[in-house]
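Welcome! Open your viewer, get your selection tool ready, and follow along one stop at a time.

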Amino acid sequence: MRTPIGTAEAMLTSVIERRLEGVLDTFSPADDAYVFVEGPRWTTHGGDRIKAGWEAYFQAPIRIHGFRWVEGPFCWESDTLAQVAGVIDYEIEGDGKKGRLRMRMTWLVRQEDGDWRIVHEHGSQPLADPYGAGDWWPEGENPL
């Protein structure tokens, strides 16, 4: 059986290897599955729609060639739910250009049919200045 981190990494590896069935095996087919996509849309809700989204992704002229954890992965786990989170650098290609995409990633995985399956995925990046007021840490005091 996959671990929660193993589930997230199996999904990423399947994306890199262009194995749709491998990706779909890591996601829940349940109606309550809910994904925040990194693309131009906000969300995808429901296993059927998530499946259709991945089918479309594999037809698009975009690729992930590799990934590397920059922070994490961090995992919090109970008997039936777990969260995997961290910062990942992706080696990407889109519109004929290659580059690096750094994302904050979170996966919520749930025990289903004896294995961990993704029920929520969230990829994001920081906004430059979301409140129009700069950073809230006093200058020189940011402990991060």
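This tour goes from the sheet to a helix, then to the core and one histidine.

This is a predicted model, in which local features need pLDDT of at least 70, side-chain atom pairs count only at pLDDT 80 or more, and totals for chains, interfaces and linings use all residues. Residues are numbered from 1 along each chain as its sequence is written, and side-chain values use heavy atoms, with hydrogens and water left out.

**Stop 1: the sheet.** Show the strands (DSSP runs of E, at least two residues, numbered from the N terminus). You will find an open sheet of six strands in the order β2-β1-β6-β5-β4-β3, with mixed pairing; strands pair if DSSP finds at least two bridges between them. β2 (44-45) and β3 are at the edges with a single partner strand each, so one side of each has no neighbour in the sheet.

**Stop 2: along the pairs.** Select β3 (62-77) and β4 (81-94). They pair in the antiparallel sense over twelve bridges, and Trp76 has Gln83 in β4 as its bridge partner. β5 and β6 are antiparallel over nine bridges, and Asp113, in the turn of their hairpin, has a positive phi of about 55°.

**Stop 3: a helix across the sheet.** α1 lies across β3, β4, β5 and β6, and runs at about 175° to β3. Such angles run from 0 to 180 degrees between N-to-C directions, with axes fitted to C-alpha atoms, for helices over the stretch in contact (heavy atoms within 4.5 Å).

**Stop 4: the core.** Which residues touch the most other members of the largest nonpolar core? Select Met11, Phe27, Trp54, Tyr90 and Trp107, out of 26 residues in that core. A nonpolar core is a set of buried Ala, Val, Leu, Ile, Met, Phe, Trp, Tyr and Cys residues joined through side-chain atoms within 4.5 Å. Now centre on Tyr90: its bridge partner in β5 is Leu101. Beyond neighbours within four places in sequence, its contacts include Leu12, Ile64, Phe67 and Trp107.

**Stop 5: His120.** Select His120 in strand β6. Is this residue buried or exposed? His120 is buried, with a relative accessible area of 17%; buried means under 20%, exposed over 50%, and partly exposed in between (1.4 Å probe, protein chains only). Its side chain reaches the backbone oxygen of Tyr34 at 2.6 Å.

Note on methods: Helix = DSSP H or I, 4+ residues; strand = E, 2+ residues; numbered from the N terminus. Polar contact = N/O pair within 3.5 Å; in protein donor to acceptor, adjacent residues only side chain to side chain.
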